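Colleague: I am new to this structure and would like to learn how to read it. Could you take me through it feature by feature?

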Amino acid sequence: MGRLDFLAEEIARMKEQGTQITIRTISSPQGAWFVADGKRVLNMCSNNYLGLANHPALKEAAKKAVDAYGVGPGAVRTIAGTQTPHVELEQKLAEFKGTEATILLQSGFQANAATIPALAGEGDVILSDELNHASIIDGCRLTKAKVVRYRHNDVGDLEEKIKAEAVARRKLIITDGVFSMDGDTAPLPGIVEVARRHGAMTMVDDAHGEGVLGDSGRGIVDHYGLVGEVDVEIGTLSKAFGVLGGYVAGSTVLVDYLKQRARPFLFSTGISAADVAACLAAVNLLLASDELVKRLWENATYFKSQMQQAGWDTGKSQTPITPVMVGDEHKAAQLSKDLFTESVFAQSIQYPTVARGKARLRVMISAAHTREDLDFAIEKFNLCGKRLGLI
Ligand SMILES: Cc1ncc(COP(=O)(O)O)c(C=O)c1O
């Protein structure tokens, strides 16, 4: 028996339960169509909401930044100094979000890991939506605070639970803005009200709201007219912005503190100048026009309505994230495989990413899709779904 045999046993068990993830290899740029495992397929699974991941303006900005700054930042920003594009992007993102300041991190995941331990510690309580993203869950685990999970999107339950924590030194409420597996949005106005009544800080992870919700994609806080009312916003640059990285938006004091104490900022090298320059170009595009955001929504509305008419259950999504609910893990994996054979890449999502028995294909609509692309996907979904007896 080898010392790591238990891992092989675990993987065999995943295979048996239909929960083993298949990772396909992409050998072309992101776009409405791309090459996965050597096959040209319609891309229905990336978070490239606005089609910016291969946009000429972003590529040009990145190339220029490589010429100006090289490829690596040298070391963490507090040790080797911070490059000009990083500072420019932080200012531009603050302008975009309508906050005093922002701080760039390596990813959205790291932004949560950086922020939550800065806000809550021993004697404090964190109230966290039960369906919050894994990076929020892990961020909470990095603190010594008590973590209380409230029922998904249930403001009443949140209030009950926060009342029971009256003795806590500080209270922090954290929610995803858009829940990434179902596409539903957090009831932010109600959460902000509860926070106000109970003196709690509020933090929203806007990973799937940016570029999607609000004026020109400013996110869920803007969408609900709550600019200035939410203490902390977490953003990612890897989804609608089409590049890589994460950030925290909020007050100057929050950002100043994170620069002194946030461990992912102090102990891990930042993203490259090329990534940053591409992100800057993305924000500039959004500041100049909301055309891509509008196209994204038109596409999402069309796809959802056509799928529903064909008999598919597309869950309770309020955003372009379109879960095509299947339930059984094996059937969801089979549907994904069959679609791939028909040149559509729509990834099946199963436990542990979602609850057991709630397997689905998570279809991600993009502004890059044409009406013909969407019709192609719908035709193939219907063909494969009928064969499997799903519709
Ligand atoms: C709600 C939420 N937060 C954070 C992240 C992580 O973002 P990143 O990929 O930039 O680390 C994701 C991505 O899946 C997400 O959905």
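Colleague: How many bridges join S10 to strand S13, and in which sense do the two run?

Modeller: Strands of a sheet pair through backbone hydrogen bonds, either parallel or antiparallel. Here, six bridges join S10 to S13 (residues 359-364), and the two run antiparallel. Pro323 stands opposite Arg362 in S13. Two strands count as paired if DSSP finds at least two bridges between them. Helices (H or I, at least four residues) and strands (E, at least two) are DSSP runs, numbered from the N terminus.

Before we go on, the ground rules: this is a predicted model, in which local features need pLDDT of at least 70, side-chain atom pairs count only at pLDDT 80 or more, and totals for chains, interfaces and linings use all residues. Residues are numbered from 1 along each chain as its sequence is written, and side-chain values use heavy atoms, with hydrogens and water left out.

Colleague: What is the order of the open sheet of three strands with antiparallel pairing?

Modeller: The order is S10-S13-S12. S10 (321-327) and S12 (348-349) are the edge strands, each pairing on one side only. Helix H14 (residues 329-341) packs on this sheet and touches S10, S12 and S13; contact means heavy atoms within 4.5 Å. The direction of H14 makes about 35° with that of S13. For such angles, axes are lines fitted to C-alpha atoms, for helices over the stretch in contact, and the angles run from 0 to 180 degrees between N-to-C directions.

Colleague: Which strands form the open sheet with mixed pairing?

Modeller: That sheet has the order S1-S2-S11. S1 and S11 stand at the edges with a single partner strand each, so one side of each has no neighbour in the sheet. S2 and S11 pair in the parallel sense over two bridges, and Leu42 has Val344 in S11 as its bridge partner.

Colleague: How should I read backbone angles?

Modeller: Most residues other than glycine have a negative phi, and most peptide bonds are trans. In this model, the peptide bond from Tyr351 to Pro352 is cis, with omega near 10°; Pro352 sits in the loop between S12 and S13. Asp37 has a positive phi, near 50°, and lies in the loop between S1 (33-36) and S2 (39-43). Ser343 also has a positive phi, near 70°, in the loop between H14 and S11 (344-345).

Colleague: Is Ser343 buried or exposed?

Modeller: Ser343 is buried, with a relative accessible area of 18%, whereas Asp37 is partly exposed at 39%. Buried means under 20% relative accessible area, exposed over 50%, and partly exposed in between (1.4 Å probe, protein chains only).

Colleague: And which residues does Glu342 pair with?

Modeller: Side chains of opposite charge can pair when their charged atoms come close. Glu342 forms a salt bridge with Lys380, with the closest N and O atoms 3.3 Å apart. A salt bridge here is a side-chain nitrogen of Lys or Arg within 4 Å of a carboxyl oxygen of Asp or Glu. This pair links distant parts of the chain, 38 residues apart: Glu342 in the loop between H14 and S11, and Lys380 in helix H15 (residues 371-387). Both Glu342 and Lys380 are buried.

Colleague: How many salt bridges does a search of the whole structure find?

Modeller: The search finds 25. Among them, Glu95 pairs with Lys92 at 3.8 Å between the closest N and O atoms.
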